Amino acid sequence: MLGICRGRRKFLAASLTILFVPAITWIYLFAGSFEDGKPVSLSPLESQPHSPRYTASSQRERESLEVRVREVEEENRALRKQLSLAQARGAAHHRANHSKTYSMEEGTGDSESLRAGIVAGNSSECGQQPVVEKCETIHVAIVCAGYNASRDVVTLVKSVLFHRRNPLHFHLIADAIAKQILATLFQTWMVPAVRIDFYDADELKSEVSWIPNKHYSGIYGLMKLVLTKTLPSNLERVIVLDTDITFATDIAELWAVFHKFKGQQVLGLVENQSDWYLGNLWKNHRPWPALGRGYNTGVILLLLDKLRKMKWEQMWRLTAERELMSMLSTSLADQDIFNAVIKQNPFLVYQLPCFWNVQLSDHTRSEQCYRDVSDLKVIHWNSPKKLRVKNKHVEFFRNLYLTFLEYDGNLLRRELFGCPSEADVNSENLQKQLSELDEDDLCYEFRRERFTVHRTHLYFLHYEYEPAADNTDVTLVAQLSMDRLQMLEAICKHWEGPISLALYLSDAEAQQFLRYAQGSEVLMSRHNVGYHIVYKEGQFYPVNLLRNVAMKHISTPYMFLSDIDFLPMYGLYEYLRKSVIQLDLANTKKALIVPAFETLRYRLSFPKSKAELLSMLDMGTLFTFRYHVWTKGHAPTNFAKWRTATTPYRVEWEADFEPYVVVRKDCPEYDRRFVGFGWNKVAHIMELDAQEYEFTVLPNAYMIHMPHAPSFDITKFRSNKQYRICLKTLKEEFQQDMSRHYGFAALKYLTAENNS
């Protein structure tokens with residue numbers, strides 16, 4: 001504030017200089033032009049050279065004064081130039097000012113035109129600037145339900161975090177699905193100076209379920225009406241946002257508008273920019289009552305303390321009950337009821353300039369809200385068409401939205417220097433663990449990856465599945481990156497049961513995946529596939545973390561631990577469900593092995609039976625998996641015995657054994673110290689053996705590995721000696737940890753390793 005006012009004082013001083021210097025000069029000239037109380041003309045044309053009063057001295061004095069006038073004019077021009085530069089520097093200083101954030105708009109508070117809102121919005125005075133203190137917490141409320149809305153919230157939050165300079169407290173009114181997704185996301189995002197509180201939207205349904213609503217938002221579109229009752233009683237004010245909002249400025253500027261509320265103004269709203277409430281969109285169109293064009297509720301400033309004192313709950317309920325007697329239902333959810341209340345009580349509303357809610361639905365007056373990019377504050381995609389809406393500048397708005405959609409969320413983990421933040425136990429534990437690592441250790445990056453917290457977005461797409469009632473259901477678990485995306489459709493065709501996938505993607509790749517999935521009939525027809533995005537961070541592929549994420553979020557009692565490069569045999573899902581019962585997996589510690597094979601052909605006529613597979617093995621079309629590269633990995637499966645087996649048979653653990661298995665969902669997780677290529681599955685199978693799991697080979701099950709280009713990690717393993725040294729070190733440390741944890745029984749792993 002001090003810096004801004006100093007700039008204004010410099011501006012004022014310069015302005016006064018321009019005004020008063022010429023005035024003083026001309027007074028001086030005017031006074032000096034009198035002789036004996038009579039004025040003397042300064043114009044050469046009016047001079048009297050033959051007058052006795054006219055002397056050489058007077059001529060010199062006149063010339064001197066004329067020179068002085070020209071000098072003053074030059075000084076004025078120079079001052080004007082300095083003044084324009086000072087204004088530019090002042091504007092730049094304001095944008096770069098980190099100590100305080102100011103509102104740069106002047107709200108109207110009355111029924112002004114949309115264009116006048118822009119003009120008023122760009123004016124301000126030093127003495128009247130509303131202030132948001134540096135570390136003042138800004139409260140934001142959002143109603144969110146379901147999988148799609150959860151994705152939208154992330155983009156909204158990104159746009160807010162990108163511009164913000166203040167601590168934020170998000171109040172999320174969410175259903176069970178959104179809460180699970182967003183709680184995990186924010187917990188793993190670990191953004192400083194951001195607090196999240198959840199409120200159960202399902203508990204609020206009874207408050208608004210009596211209101212018939214035709215809007216596509218459903219019952220959740222009415223829940224902003226009950227925020228005074230839902231949010232903490234000590235919360236005085238809050239900004240309420242729809243999920244389809246994108247910020248183009250610091251939200252503190254909007255928060256500062258609260259200081260401009262006067263009298264009984266308790267609602268800050270932007271005028272509706274469509275003709276909906278004018279009732280002239282089509283014949284017999286009959287909207288809810290509204291003041292003029294009405295107001296849009298995509299962005300609301302709520303003075304909660306005053307609303308509670310005004311008995312807001314009673315006010316909106318009575319209005320809704322009365323109007324529903326003739327209107328029968330709402331068309332625009334809570335917006336209809338807010339407008340009906342305002343129609344009766346116009347003193348409640350403080351009208352915000354329309355750049356605080358530029359509404360991009362078809363046939364709106366949104367173009368009147370801005371003359372330049374710098375005028376934009378908040379963009380509202382309030383059409384069911386969303387990014388396909390008609391607007392002259394829609395490409396610009398779409399690109400702005402896509403910028404935040406694909407923006408790397410890890411870059412938003414910025415500290416707010418000078419602002420105390422609440423103690424975060426997870427963050428403190430992470431810092432403690434990292435501080436205990438030796439940065440000079442040549443394997444430091446490997447060790448660090450074990451503690452890296454990756455931002456995770458669960459159920460990126462719609463998921464809907466109820467496990468079979470007979471408790472035999474099996475979920476296929478796998479992980480992948482962008483270069484294996486083409487395997488998804490094939491796996492879905494081979495496995496009709498539920499699937500849990502962890503995808504390691506950047507923010508931009510996540511959007512590419514979304515477009516790929518939405519364009520696939522095969523994937524869109526499957527609602528029993530859970531896609532969990534683990535966002536990229538660090539230099540290694542966190543393969544075991546991905547497996548753990550996919551394992552953790554299954555809803556069936558059993559899981560088939562596979563890899564994305566394998567296609568299961570047709571009918572494997574039903575076969576495994578029968579095997580679960582036959583081998584009493586519910587009451588025994590068993591790991592059922594699905595034998596693995598491979599082909600070197602990109603186009604394969606997939607065998608439809610064991611007999612057909614054996615024939616292809618004999619012809620050299622198929623091979624046992626990795627027999628020519630890593631025989632030990634699957635040798636204990638005993639493929640010779642499997643060829644003729646008709647019943648399940650038990651095999652013993654051997655060093656480097658890494659089969660693909662079916663286990664109960666309570667089996668141990670994969671060890672996160674193993675990243676990239678090498679020992680990630682071997683360590684897991686070793687731990688299953690240490691916990692006395694019985695390895696049983698299924699005689700009529702198989703899976704086939706499809707060829708692909710070598711991964712980046714296996715290339716590093718083969719070409720980088722230090723990579724191999726570090727992997728060997730981690731392996732030895734794992735074996736030592738096994739010995740400490742499982743005692744004498746685990747000594748065999750050290751012995752087997754030495755003999756192998």
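The following is a conversation about a predicted model and some of its structural features.

Trainee: How confident is the model, on average and by residue?
Mentor: This is a predicted model, and its chain averages a pLDDT of 82, with 79% of the residues scoring at least 70.

Trainee: Where does pLDDT stay under 50?
Mentor: One such stretch is residues 1-6, for which the model has 14 contacts beyond four places in sequence. Over residues 16-55 the pLDDT is also below 50, and that stretch has 35 contacts beyond near neighbours in sequence. Where pLDDT is low, the predicted coordinates should not be read in detail.

Trainee: Turning to the open sheet, what is the order of its strands?
Mentor: The order is 7-6-5-8-11-10-12, giving 7 strands with mixed pairing.

Trainee: And which strands stand at the edges?
Mentor: Strand 7 (194-200) and strand 12 (349-352) do; each has a single partner strand, so one side of each is left without a neighbour in the sheet. From one strand to the next, the twist averages 25°.

Trainee: How many bridges join strand 10 to strand 12, and do these strands run parallel or antiparallel?
Mentor: Strand 10 (residues 267-271) and strand 12 run parallel, joined by 4 bridges. As an example, Leu 267 has Val 349 in strand 12 as its bridge partner.

Trainee: What about helices: which strands does helix 5 lie across?
Mentor: Helix 5 (residues 176-189) lies across strand 5 (138-144), strand 6 (168-174) and strand 7, and runs at about 155° to strand 6. Helix 6 (residues 201-208) lies across strand 6 and strand 7, running at about 50° to strand 7.

Trainee: Changing topic, how many aromatic pairs are found in the whole structure?
Mentor: The search finds 32 aromatic pairs. One of them joins Phe 513 and Tyr 531, a tilted pair at 5.1 Å centre to centre with 55° between the planes.

Trainee: Which parts does the pair of Phe 513 and Tyr 531 tie together?
Mentor: Phe 513 lies in helix 16 (residues 507-518) and Tyr 531 in strand 18 (residues 529-535), so the pair links parts that are 18 residues apart in sequence.

Trainee: Is Phe 513 buried or exposed? And Tyr 531, buried or exposed?
Mentor: Phe 513 is buried, at a relative accessible area of 0%. Tyr 531 is buried as well, at 2%.

Trainee: Which residues form an aromatic cluster?
Mentor: Trp 255, Phe 258, Phe 261 and Tyr 350 form one aromatic cluster.

Trainee: Which ring does the charged end of Arg 547 sit over?
Mentor: That of Tyr 670, with the charged end 5.1 Å from the ring centre. In another case, the charged end of Lys 610 sits over the ring of Trp 642, 4.3 Å from its centre.

Trainee: Next, Leu 572: where is this residue found?
Mentor: Leu 572 is in helix 19 (residues 572-582). Leu 572 counts as buried because its relative accessibility is 0%.

Trainee: What does Leu 572 touch?
Mentor: Not counting residues up to four places away in sequence, Leu 572 touches Trp 495, Phe 560, Val 594, Ala 701 and Tyr 702. The C-alpha atoms of Leu 572 and His 494 are separated by 8.1 Å, although these residues are 78 residues apart along the chain.

Trainee: Finally, is Asp 689 buried or exposed?
Mentor: Asp 689, found in helix 22 (residues 680-690), is buried because its relative accessible area of 11% falls under 20%. Leaving aside neighbours within four places in sequence, Asp 689 is in contact with Trp 653, Phe 695, Lys 748 and Tyr 749.

Definitions and conventions. Residues numbered from 1 in each chain as written. Predicted model: local features only at pLDDT ≥ 70, side-chain atom pairs only at ≥ 80, totals over all residues. Heavy atoms only, no water. pLDDT = per-residue confidence, 0-100. Contact = heavy atoms within 4.5 Å. Helix = DSSP H or I, 4+ residues; strand = E, 2+ residues; numbered from the N terminus. Buried < 20%, exposed > 50% of the residue type's maximum accessible area, 1.4 Å probe, protein only. Pairing = 2+ DSSP bridges. Axes fitted to C-alpha atoms, helices over the stretch in contact; angles between N-to-C directions. Phe/Tyr/Trp six-rings, centres within 6.5 Å; stacked < 30°, edge-to-face > 60°. Lys NZ or Arg CZ within 6 Å of the ring centre and 35° of its normal.
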